[in-house]
Amino acid sequence: MNVPAIAKSTFELLRNQPEFLSITESVMTHLNKIKSSLERARFVHNMVDEYNKEIFAHPLLKEMVPCKSGCTACCHTQVSVTEDEANLLLHNITNGVEIDYNRLSLQSEQGNETSNFYKLSYQDRKCVFLDDKGACKVYNDRPSVCRTNAIVGEASQCSTDGKEQGAIRLVKTSKADMVIVGAYANATESGTLPMMLSKVLKAKHAKDNTSIVKSLFDRIIGRKPVSKDYEL
Ligand code: SF4
């Protein structure tokens, strides 16, 4: 289970408090009752958004958080997803969202290893769903970790363009983090966005040889020789 680091540390801190632990437990119970992968992902996203609403409704926080469309530093970092979220992203692609397959392939080759990912250039680390204007192409269906990434202070502190990330202060999204832990604990699999997306793409391709997914798949594997241990 690759629980995102921030959610994991929140869980470790708050797991002994029934008010917080019950959030994680309730997410897991509900997820077990939902059959559709896309619905499960959206259920988690709705819960994360609901808890975040409580926090971001505070007028002071609205002034102090610089995050806005066009500010893309966190979209050049390593993002984790559950298998359900990867399926939801794939659903967006099969419904017309265009992505850079060369970059997806390059990023997925780095596996789950954070240090490998950060060896890529800043441009190569750009999320495949970030458009040229700095907006998320899958905003309504973006992963849960993207929904909890908000800082207090200067947006420039987040950038990893040619430097290490500065000392950023993240907005505490404790209840949403407890939801995320429940989702990851329930997930069949989880990992980095590029790896998981490539994986579900391959699985769909294996099932449906004639679909639009096949042509997407061919665009990835046909583009260049891949290393021996490369797995789509
Ligand atoms: S999915 Fe959207 S919000 Fe998340 S990293 Fe990618 S572009 Fe950014």
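This is a predicted model: local features need pLDDT of at least 70, side-chain atom pairs count only at pLDDT 80 or more; totals for chains, interfaces and linings use all residues.

Colleague: On to packing. What is the angle between helix 1 and helix 9?
Modeller: Helix 1 (residues 5–14) and helix 9 (residues 174–186) pack at about 105 degrees, and their axes are 8 Å apart. Angles of 65 to 115 degrees count as roughly perpendicular, so helix 1 is roughly perpendicular to helix 9.

Colleague: Which residues meet there?
Modeller: From helix 1 there are I6, A7, K8, T10, F11 and L14, and from helix 9 there are S174, D177, M178, I180 and V181. By class, the contact of helix 1 with helix 9 has 7 nonpolar, 2 polar and 2 charged residues.

Colleague: What about helix 3 and helix 9, at what angle do they cross?
Modeller: The axes of helix 3 (residues 37–56) and helix 9 cross at roughly 165 degrees and come within 8 Å. Over 145 degrees counts as roughly antiparallel, which is why helix 3 is described as roughly antiparallel to helix 9.

Colleague: Is that crossing left-handed or right-handed?
Modeller: Helix 3 passes helix 9 in a right-handed crossing. On the helix 3 side the contact uses V44, M47, V48, Y51 and N52, and on the helix 9 side K175, A176, V179, I180 and A183. Those residues divide into 8 nonpolar, 1 polar and 1 charged.

Colleague: Which of its residues are buried?
Modeller: In helix 10 the buried ones are L193, P194, M195, M196, L197, S198, V200, L201 and K204.

Colleague: How do helix 6 and helix 10 cross?
Modeller: Helix 6 (residues 101–108) and helix 10 have axes that come within 8 Å and cross at roughly 110 degrees. That makes helix 6 roughly perpendicular to helix 10. The crossing of the two is left-handed. L104, Q107 and S108 of helix 6 make the contact with P194, M195, L197 and S198 of helix 10. By class, the contact has 4 nonpolar, 3 polar and no charged residues. P194, M195, L197 and S198 are also among the buried residues of helix 10.

Colleague: Changing topic, helix 5. Which residues are buried there?
Modeller: D84, E85, A86, N87, L88, L89, L90 and I93 are the buried residues of helix 5. The helix runs over residues 83–94, has 12 residues and reaches 16 Å from its first C-alpha to its last, close to the 16 Å expected. G96 follows helix 5 and has a positive phi, near 110 degrees.

Colleague: E85 is in that list. Why does it count as buried?
Modeller: E85 has 32 C-beta neighbours inside 10 Å, and 20 or more is the cut-off for buried. E85 touches A41, P143 and S144, not counting residues up to four places away in sequence. The C-alpha atoms of E85 and R42, 43 residues apart along the chain, are separated by 8.3 Å.

Colleague: Last ones. Is N32 buried or exposed?
Modeller: N32, in helix 2 (residues 18–33), counts as exposed because it has 10 C-beta neighbours inside 10 Å. N32 and A187 are 155 residues apart in sequence, but their C-alpha atoms are 9.9 Å apart in space.

Colleague: And where is A73?
Modeller: A73 sits in the loop between helix 4 (59–64) and strand 1 (80–82). With 19 other C-beta atoms within 10 Å, A73 is partly exposed.

Methods
Residues are numbered from 1 along each chain as its sequence is written. A residue is buried if 20 or more other C-beta atoms lie within 10 Å of its own, exposed if 12 or fewer, and partly exposed in between; C-beta atoms are placed from the backbone. Helices (H or I, at least four residues) and strands (E, at least two) are DSSP runs, numbered from the N terminus. Axes are lines fitted to C-alpha atoms, for helices over the stretch in contact, and angles run from 0 to 180 degrees between N-to-C directions. Angles under 35 degrees count as roughly parallel, over 145 as roughly antiparallel, 65 to 115 as roughly perpendicular and the rest as oblique. A crossing is left-handed if the near helix is turned anticlockwise from the far one by less than a right angle, and right-handed if clockwise. Two residues are in contact if their C-beta atoms, placed from the backbone, lie within 7 Å. Ala, Val, Leu, Ile, Met, Phe, Trp, Tyr, Cys and Pro count as nonpolar, Asp, Glu, Lys and Arg as charged, and the others, Gly among them, as polar. The expected span of a helix is 1.5 Å times one less than its number of residues.
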